[in-house]
Number of protein chains: 2
Amino acid sequence: MAKEIGVTVKRSEDFSEWYTQVVLKSGLADYASIKGFMVLKPYGYEIWERIRQVLDEEFKALGHRNAYFPTLIPESFLKREAEHFKGFTPEVFWVTKTGDDELSERLAVRPTSETIIYDSYSRWIQSWRDLPLLINVWNSVLRAEIKSTKPFIRSSEFLWQEGHTAHETREEADKEVMEILNVYRKLIEDYLAIPVLAGYKSDAEKFVGALYTTTLEAMMPDGKALQMGTSHNLGQNFSKPFEIKFLGRDEKEHYAWTTSWGVSWRLIGAVVMVHGDDKGLILPPKIAPLQAVIIPIFYSEKDKDRVLAKAKKVKEALEKENVRCMVDDRFQYTPGWKFNDWELKGVPLRVEVGPRDVDEGVVTVARRDLKGKKTVGDMEAPSYVKKTLEEIQNNLFQKASTMLKEKTITVKEYGEFKSILEEKGGFLKACWCGSPICEEKIKEETGATIRLIPFDEKPFSQCLYCEREATKVAYFAKAY
Amino acid sequence: MAKEIGVTVKRSEDFSEWYTQVVLKSGLADYASIKGFMVLKPYGYEIWERIRQVLDEEFKALGHRNAYFPTLIPESFLKREAEHFKGFTPEVFWVTKTGDDELSERLAVRPTSETIIYDSYSRWIQSWRDLPLLINVWNSVLRAEIKSTKPFIRSSEFLWQEGHTAHETREEADKEVMEILNVYRKLIEDYLAIPVLAGYKSDAEKFVGALYTTTLEAMMPDGKALQMGTSHNLGQNFSKPFEIKFLGRDEKEHYAWTTSWGVSWRLIGAVVMVHGDDKGLILPPKIAPLQAVIIPIFYSEKDKDRVLAKAKKVKEALEKENVRCMVDDRFQYTPGWKFNDWELKGVPLRVEVGPRDVDEGVVTVARRDLKGKKTVGDMEAPSYVKKTLEEIQNNLFQKASTMLKEKTITVKEYGEFKSILEEKGGFLKACWCGSPICEEKIKEETGATIRLIPFDEKPFSQCLYCEREATKVAYFAKAY
């Protein structure tokens, strides 16, 4: 029974199977009955709500406002920017009928909203006084996954936010792109406790239709990179076909500069992979729905009342310190079963209250991220818990940073590149001539793609592949 | 110019055109380029965020948790409950292709999620210990509108929440249905300042597949009723075809009792209709994105600085009282233009700061809901504003209550029923034998439907239509 409930494979032995078991068994998500789709269960949704809250406040502080645009997008809109359309064609879910009526033009179920939003912007923007227009949308998008799906990481529908802004000048759009990348970095590093590398995408890897794409990339324990969020300067690539024009301060007509940017529930998948262990999830306290669980332990009716009474008092004391906690008083389960259950769910702290703890005026505290327990006096318990939650948050980030460092290797030579990639994966930092041919060859021969081109690094050797002069530093990796 | 910006028809002369102009010109919403769809603009979305926040807190306080389920629903799911499927058939947007591939089974773009959610519940619910299962979803649903569309009231996609709960017994499901109806009533009356009538729907008007539907109905100034929210006991009508079974406390297998309930962005439309006037929107302070706007007034450079400095001080003082406010310092517009603009947008209070106000240590306050201005000393301004916002909230509710009372008429005779309905509309309270034939005849002959059957009222006369013994009291009205 316990075996069935817990994770049955070790993370080090079958990472993929371990990941799927943790996601499903911890109650974050479930498969839906339609292939490629998943259900975000309440426990996972609560994490998404915290991510949303952090980002929403940051976006609003920078002057963005939320809105909502239609789920369905006419094919003609998508086609207006040719490269963009090509990029999404194989993934689009097409609505062709309402009721029994055939539609005169088929409608795409939103794979991303640039085109339908820009159709509105073309009417809303007339003058430079209407700019910048800073709008964000919380919705879901659908992209048919033909490859095998993976909860949070690769599914045919995902929850995300998509920001869409319009500006007077390229410089303002550039600034917006970087500001948002920094908002994302703050969320991912400070809240999700996952260190990231930041940089540009290569032209082959950028968003379809973008002038350029910036990205944040994290390293997973299996040596594969995960794209955490992207922020694009779309230049005037969309404003021209969609005619987003404005009368400038110079009394002349100009095309707006637009940006778009997004992060998705994929971030939850990253949290699972980066912090989890063989027992299951480990959630960073700042985004954990539950930060501490209080387990009453008793073996006689005599002890039951006084143990439960104390457990409730502990809860009240912790809540005064704004710790999100609950007493697990499910009588049908043993304390041992509950320990396993909450470890699987990744609750950062467990507080045990037994008869002896009542007698001695203490509680026993166990950290999810470290072994061992500690006995703490009742009076100091709330501040100890508070302080320990901060330590857990920091420890998770430190551990992930160490992992990122260990899995980032600078290479100058293609043979070495291939053998490291084969043996342990990770980020391989190398120099590149900038030619899409070398990039494509490396991808073909090794499966590694350029994950990012760091913002300010100078080449330190020749091109990894062609050995001609390098123009750029690039981080290569196999990726999810 | 001013004419173009403001509302160009009187509410009393062309209610429908007035409504559409207010919605579009105040910046709540816009038409999308696809027929039947609309865009919720930031100003409208901020009202939706407040509605969501109020409901979300109430739902959670009652033990509900949020989740997310797929946008696409296999046709076979919808078909499993025959009546339900029939109810949505003509309205469904059908996905038949992904990319170039024909799907083996077509997928409905979510018209409501009972079926796909219950598919999951059938796997999640095994024992009575898994019950009640109390889940809510914030999403959008699509129903193709063949009739003419109206922003917020009738569009092919709308934002809403849908709650879906499963219970051990019918009694528990009954209790859930009523608890939610009360949450809705609290939102609508206390926050939106709109009084509602509560009751059951007749079988002809209930949700397709429900055992029974409860509803809240409001009266609009044009004499038509608007359904504000519904809460359904679905009985075992869905749990049987979807096999939501559980092992009961009696060790036997039972089918769960399920409920579903929802309110949509239609509530914003009701706010526009009920409170608005010839100048535009009037927003109840509790849900207004902006509760007070501060307008600096000056006609010389000399006055500009001191007026602006004071306006900022007023803003800070109001914000200390948690009043949502801003200084409108757009220099390209005159004060008069701004007055009109914020009146159109329905901001509850306007605070004017001119040179004389600076000299005299006062501000001038104008209420959106009443004529006239009042001069208030700087020191007392924040508490005056705070108190006045409460008065506005109450005044709007009182005015709407008076309107509801005036437009609710008790009738015993069908001739009188028809003439009142024709002349002034409103709720017509009458007695009914309970036969769907009388109900259908009345609808055919007058266009009025039974909006609700009040929970606890005894018949006071014979059936309005057939004049046989009445079994029920019913509120009839023409409806949106």
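Trainee: Which residue stands opposite Thr98(A) in S5(B)?
Mentor: This is a predicted model: local features need pLDDT of at least 70, side-chain atom pairs count only at pLDDT 80 or more, and totals for chains, interfaces and linings use all residues. Residues are numbered from 1 along each chain as its sequence is written, chains are lettered from A and ligands numbered from 1 in the order in which they are written, and side-chain values use heavy atoms, with hydrogens and water left out. Strand S5 (residues 93–98) of chain A is joined to strand S5 (residues 93–98) of chain B by 5 bridges, running antiparallel. In S5(B), the residue opposite Thr98(A) is Phe93(B).

Trainee: How many bridges make two strands a pair?
Mentor: A strand is a DSSP run of E of at least two residues, and a helix a run of H or I of at least four, both numbered from the N terminus. For pairing, the number of bridges that DSSP must find between two strands is at least two.

Trainee: What is the area buried between chain A and chain B?
Mentor: The contact (heavy atoms within 4.5 Å) takes 56 residues from chain A and 56 residues from chain B. Buried area is the accessible area (1.4 Å probe) lost when two parts are put together, summed over both. Carbon and sulfur atoms give 59% of it, and the total is about 4,400 Å².

Trainee: Which residue of chain A meets Lys60(B) in a salt bridge?
Mentor: A salt bridge needs a side-chain nitrogen of Lys or Arg within 4 Å of a carboxyl oxygen of Asp or Glu. Across the interface the rule finds 4 salt bridges. In one of them, at 3.0 Å from N to O, the partner of Lys60(B) is Glu49(A).

Trainee: Which helix gives the most to the side of chain A that touches chain B?
Mentor: That helix covers residues 42–61 and gives 8 residues. The name is H3.

Trainee: Is strand S11 of chain A mostly covered or mostly open, and how many of its residues are buried?
Mentor: Buried means under 20% relative accessible area, exposed over 50%, and partly exposed in between (1.4 Å probe, protein chains only). S11(A) pairs antiparallel with strand S10 (residues 212–219) over 8 bridges and with strand S14 (residues 257–264) over 5 bridges. S11(A) (residues 225–235) is mostly covered, the buried count being 10 of its 11 residues.

Trainee: Which are the edge strands of the open sheet?
Mentor: The sheet has 11 strands in the order S3-S7-S8-S14-S11-S10-S9-S22-S23-S21-S20 of chain A, with mixed pairing. Each edge strand pairs on one side only, and they are S3 (65–66) and S20 (408–410).
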